[in-house]
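The following note is meant for a colleague who is opening this structure for the first time. Please read the numbered points with the sequence and the model in view.

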Amino acid sequence: MLTKKQTQVLDFIKLYMAKHSYAPSLDEIKKKFKLASVSTAHYYISKLQDAGFLNKEHNQPRAVSTVEAKQTVEIPILGAIAAGQPIEAIEIPDETITITRDEIGKQGKHYALRVQGSSMIDEGIFDGDIVVIRKQEVAENGQTVVAVIDDNQATLKKLYRENGKFRLQPANPTLFPIYRDEVEVRGVVVKIIRNLESQLDQGQSRDEKYVRKIDYSWDYRGEKTKSHTHGIHTYPAMFIPQVGRRLLETYSKEGDTICDIFCGSGSALVESRLIGRNAYGIDLNPLAIFLAKAKTTPINPQKLTKEYIALLDRVEKVKANEIERPDFKNIDFWFKDKIIVKLAKLKKAIREIKDEAIQNFLMVAFSETVRYSSNTKTGEFKLVRVKGDKLEKHDPDVIGIFRKHAEKSIAGMTDFYKYAKKDSWTKIIYGDSSKDNEIKTNSIDCIITSPPYGDSRTTVAYGQFSRLSAQWIDVFDDPNDASGVDNDLLGGRATKNLTHSLPSDYLKESLEKIAKQDEVRAKDVLSFNLGLNECLKQAHRILKPKKYFCLVVGNRLVKQVRIPTDFIIAELAEKIGFTCEDIIVRNIPGKRMPIKNSPTNIVGALEETMNKESIVVLRKN
Ligand SMILES: C[S@@+](CC[C@H](N)C(=O)[O-])C[C@H]1O[C@@H](n2cnc3c(N)ncnc32)[C@H](O)[C@@H]1O
């Protein structure tokens, strides 16, 4: 399928190639179509590649080439359909879209409708999208259908049969289902075409200093995020691999050296390795460093499997009197005694593996096992103990949990080993990104990163999340030091007062509003921004001139004040020597962040914290 704009871009590339014998650059495509950014040009290229109109093997825009045309079909757009309250179908005369046959299958008749409303957003169907429908009069439970009810009122919903009635279920938690005795099905959705043109709209009023562009093509809703080694360990606020990859492909090229200055568990570093970029990663959380190293070190899967099988055999034979019980504060509060013994046996067996990379890799699965067999609630990033009955019944199968994680991880490593570029390297530094970490001045081709959303105390406590694992897997000389990590991260220590000279009007305004309600919280926010400003300076130092620095950030709420971190970064960075080229807003469908919290401390007053984030694209002057 190609939208009108995609067809125009393809035609332009064909003409350009006929004239020059090479493809246009992203910048040339951007200029030609007056696109908002090079990333939008990249979006069109990827769409044309995905649809099979451009060759896929090269990432660089000048390297694209057209392929023989696939068999295509013209599908009529019959009208508009409500993904909201049912509406009467509206006819749109003479509009069609072109789709390759591969995309919709060989069977059936198809038509398309333009979507109005937001009731299907959790299914990835947005206002302005085009849905391709295969004509049919019956549908299976759970399929997304065009349903006609109440005398020709049409709506797009998921269909369920229940107790002799039909339930038309919106995919939006704020809306109620519609129940009817009779529903006429006019077809099922087989394809969603994101209407990028209409959704690259401005996300704000015009009188701001910077402009946010909403671009849903960055959502990657429903896409697989656990491929390769991405899924071997949970970590808070991980990059969606697709976002990391798209930024890398847009703003760097093969053979470049990139850096993630808040690398966390290393998602951007894994992607770098897969697409042939050398990479530095920096983080101040020792568990993150451990994970990032394990995720980016290719291991021969045969050797790994052999060691794993031998390990399972060995662990059975470890005797209780041979184990070393870890010695850290409150261990008995977080683990039952018999679980400590089982974990210690497993750890001893892993430590006997001679190959350091394999030992560390299996230690990552052990780290997940520690989390899942502890007395903590899973699904929380802060340490919260399960209570009462639940705690009493809590009897985790330690070896079962380990096997599940280890086997999933080995499968991930098998793919990573196969696809990781052999001549690229990854270097991971345990360090504070607000300081000089001995990366040479003007040496980095691109920085891609996602900083914390705020101080650990009131947002994601990376240290707290990591503590029990870190204490078990010996990433600290003294395991009790694990409790101190959060204090050292950005904003970990509130400032003494609120005087500062940071050149950001947006920050000043936010601080004033917060301080009126709570001075301590304002000091946390200031401390975070002072640290972030130092990180921006270091990033400026290591980046080559004219190269890009992309930050994926959240605009968090503190005391009901929305802090525009994206604008604050743009202001601070422009004083340091960057130009802010773009601020793109994306939805967060999969980022593991609390979507709701209680910012007011009023019981039950849940408020959305972070379901959107901004990608700030800076360029060094
Ligand atoms: C949003 S997370 C990054 C997640 C990462 N993109 C991933 O996919 O796993 C932010 C990271 O910043 C790290 N961090 C916070 N303050 C830091 C500092 N001053 N220097 C280096 N890293 C820091 C935290 O430990 C955390 O791992």
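1. K34 lies in the loop that links α2 (26-32) and α3 (38-50); helices (H or I, at least four residues) and strands (E, at least two) are DSSP runs, numbered from the N terminus. K34 counts as exposed, at 75% relative accessibility. Here buried means under 20% relative accessible area, exposed over 50%, and partly exposed in between (1.4 Å probe, protein chains only). The phi of K34 is positive, about 50°, although K34 is not a glycine.

2. On the basis of the work, the model is a predicted one, in which local features need pLDDT of at least 70 and side-chain atom pairs count only at pLDDT 80 or more, while totals for chains, interfaces and linings use all residues. Residues are numbered from 1 along each chain as its sequence is written, and side-chain values use heavy atoms, with hydrogens and water left out.

3. A237 also deserves a look. Its place is the loop between β12 (213-214) and α6 (241-251), and A237 has a positive phi of about 55° without being a glycine. Most residues other than glycine have a negative phi. With a relative accessible area of 12%, A237 is buried.

4. Which residues are closest to the ligand? They are Y235, F239, S265, S267 and D283, among 23 residues that surround the ligand; a residue is counted if one of its heavy atoms lies within 4 Å. This shell divides into 13 nonpolar, 8 polar and 2 charged residues. In this division Ala, Val, Leu, Ile, Met, Phe, Trp, Tyr, Cys and Pro are nonpolar, Asp, Glu, Lys and Arg are charged, and the others, Gly among them, are polar.

5. A backbone N or O atom of F239 is 2.9 Å from a ligand oxygen, a polar side-chain atom of S267 is 2.6 Å from one, and a side-chain N or O atom of D283 is 2.7 Å from one. The protein buries 99% of the 600 Å² that the ligand exposes when taken alone (Shrake-Rupley method, 1.4 Å probe).

6. E613 belongs to strand β23 (residues 612-620) and is buried, with a relative accessible area of 3%. Its side chain makes a polar contact of 2.4 Å with that of Y453 and another of 2.4 Å with that of R586. A polar contact is a pair of N or O atoms within 3.5 Å; within protein, one must be able to donate a hydrogen and the other to accept it, and residues adjacent in sequence count only if both atoms are side-chain atoms.
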